[in-house]
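Keep the coordinates open as you read.

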Amino acid sequence: MTTAPAAKENPPFCELHVHIEGTLEPATIFELARAKGLTLPYASEEELQQAYRFTDLQSFLDLYYDNMRVLQTEDDFFTLGAAYLRRAHAGGVVHAEMFVDPQAHAKRGIPEAVVLAGLHRAIAEVGGQTGITASIIVCVLRDDPVEDAARMLDRVLDTGFAVTGLGLDSAEVGYPPSLFAGVFDRARDAGLRLVAHAGEEGPADYVWEALDILGVERIDHGNRALEDPSLVARLAADRVPLTMCPFSNTRLRVIRELSDFPLRRALDAGLQVTINSDDPAYFGGYLDDNLRALARTFSLTADELAELARTSVRASFLSTDQKRRLGA
Ligand code: HPA
Ligand code: ZN
């Protein structure tokens, strides 16, 4: 684990791409398992962490879904959310829009209301203590049937818990965004904001589909959009934010090493780049760790970091007033 710097070292960042289940730390996995009398297929935290050597997105997802077995009660989701929000606040995050995968829990018998109640309690408690704000974006598992996604959305809306948006995640290749056009239409009608993972492993065509067929406002990752000059022009002209994730890209081998992260290329093309942690418990660090590593690798100036912070605020789903108060 890395230590967080004092919040004042950083300009105020919004974190827009973090899977709350991807903040589940090995120590918490063991604590929750012990408390429930669950036996894990690993003898120790160290042995579990030995398995955190990924070759691609799927090799990560297999472990990510398997570790969720310890998340069962409202209190577990509270513990998860509260730990992330405290750590994010310590690292200079003032607002987080947290992804959650309700389908991954529903298939283990855990209702949407249990998940959302725990997370909302965490937002209220840690928000009250630290001032950090947060909202929830429920994600569709794109490698599960479309009907499951539709049912998940209906059940989430039925809970009455506030949800800011709908996203699209899990295994990308072979599962184009267009499959979920109907679900995203329904979410838009219900007043949700729309985002989608696209162009992480999948082709630039999936980014076009996310924009033109789903009508999303942000693209999560979007690395492969850079292969298509006309798509880059579209993203730049429409100021569509990309929520990019440097540590994730290196760990899932989207890029070979951090110096290959296309930060300067994307900024030079006029894209709205935001930096995020994706699954920090699995990929080697939280948002501030990603930012420090980028600053070192690309010799970022304080002004460039401040501009990344302002872009993250502008790209958030906060109100215009809230954004103005955060300096964007
Ligand atoms: N990509 C797609 N799905 C995910 C990810 C990711 O990086 N993390 C958690 N679910
Ligand atoms: Zn992600």
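This is a predicted model. Start with its empty space. Rolling a probe the size of a water molecule over the atoms shows where such space is left. The largest cavity has a volume of about 100 Å³. The count comes to one cavity of 30 Å³ or more. Its lining is made by 15 residues. Nearest the centre of this cavity lie His19, Leu57, Leu61, Ser170 and His197. Helix H3, residues 57-67, gives the most to the lining, with five residues. The lining divides into six nonpolar, four polar and five charged residues.

Now move to an open space. The second largest pocket holds about 160 Å³. Its lining has 12 residues, and Thr23, Glu25, Thr28, Ala83 and Tyr286 lie nearest its centre. Two elements give two or more residues to that lining: helix H1 (26-36) and helix H4 (74-90). H4 supplies the largest share, five residues. By class, the pocket lining has seven nonpolar, three polar and two charged residues.

Leu24 sits in the loop between strand S1 (13-19) and H1. Is Leu24 buried or exposed? Leu24 has a relative accessible area of 1%, so it counts as buried. Beyond its neighbours within four places in sequence, Leu24 is in contact with Ile29, Asn67, Val70, Leu71, Leu80, Ala281 and Tyr282. Take Tyr282 from that list. In sequence, Leu24 and Tyr282 are 258 residues apart. In space, their C-alpha atoms are 8.3 Å apart.

The C-alpha atoms of Val70 and Arg193 are separated by 30 Å. Along the chain, the two are 123 residues apart. Arg193 belongs to strand S5, residues 193-198. Its relative accessible area is 31%, so Arg193 is partly exposed. Leaving aside neighbours within four places in sequence, Arg193 is in contact with Thr164, Gly165, Leu166, Glu217 and Phe317. His197, one of the residues nearest the centre of the largest cavity, falls within the residue range of S5.

Next comes a pair of helices. Two packed helices are described by the angle between their axes and the distance between the axes. H9 spans residues 204-214, and H10 spans residues 229-237. Their axes come within 10 Å and cross at roughly 35°. The crossing is left-handed. Which residues of H9 and H10 meet? From H9 come Ala204, Val207, Trp208, Leu211 and Asp212. From H10 come Ser230, Leu231, Arg234 and Leu235. The residues of this contact divide into six nonpolar, one polar and two charged.

Follow the chain out of H9. Gly215 lies in the loop between H9 and strand S6 (218-221). Gly215 is partly exposed, because its relative accessible area is 32%. Apart from neighbours within four places in sequence, Gly215 is in contact with Arg188, Leu194 and Ala210. Phe184 lies 31 residues from Gly215 in sequence. The C-alpha atoms of Gly215 and Phe184 are 8.1 Å apart.

Most residues other than glycine have a negative phi. Arg239 has a positive phi, near 50°. Its place is in the loop between H10 and strand S7 (241-244). Arg253 also has a positive phi, near 60°. Arg253 lies in the loop between helix H11 (246-251) and helix H12 (263-268). With a relative accessible area of 58%, Arg253 is exposed.

End with helix H15. Ser312 lies in H15, residues 302-315. How does its accessibility place it, buried or exposed? Ser312 is at 1% relative accessibility and therefore counts as buried. Asn276 is 36 residues from Ser312 in sequence. The C-alpha atoms of Ser312 and Asn276 are 9.2 Å apart.

Methods. Residues are numbered from 1 along each chain as its sequence is written. Chains are lettered from A and ligands numbered from 1 in the order in which they are written. This is a predicted model: local features need pLDDT of at least 70, side-chain atom pairs count only at pLDDT 80 or more; totals for chains, interfaces and linings use all residues. Side-chain values use heavy atoms; hydrogens and water are left out. Axes are lines fitted to C-alpha atoms, for helices over the stretch in contact, and angles run from 0 to 180 degrees between N-to-C directions. Helices (H or I, at least four residues) and strands (E, at least two) are DSSP runs, numbered from the N terminus. A crossing is left-handed if the near helix is turned anticlockwise from the far one by less than a right angle, and right-handed if clockwise. Contact means heavy atoms within 4.5 Å. Ala, Val, Leu, Ile, Met, Phe, Trp, Tyr, Cys and Pro count as nonpolar, Asp, Glu, Lys and Arg as charged, and the others, Gly among them, as polar. On a 1 Å grid over the protein atoms alone, a cavity is a set of points where a 1.4 Å probe fits but cannot get out, and a pocket is an open set with protein on both sides within 12 Å along at least five of seven lines; lining residues have an atom within 4 Å of a point. Grid points are joined across faces, edges and corners, and a volume is the space filled by probe spheres set on the points. Buried means under 20% relative accessible area, exposed over 50%, partly exposed in between (1.4 Å probe, protein chains only).
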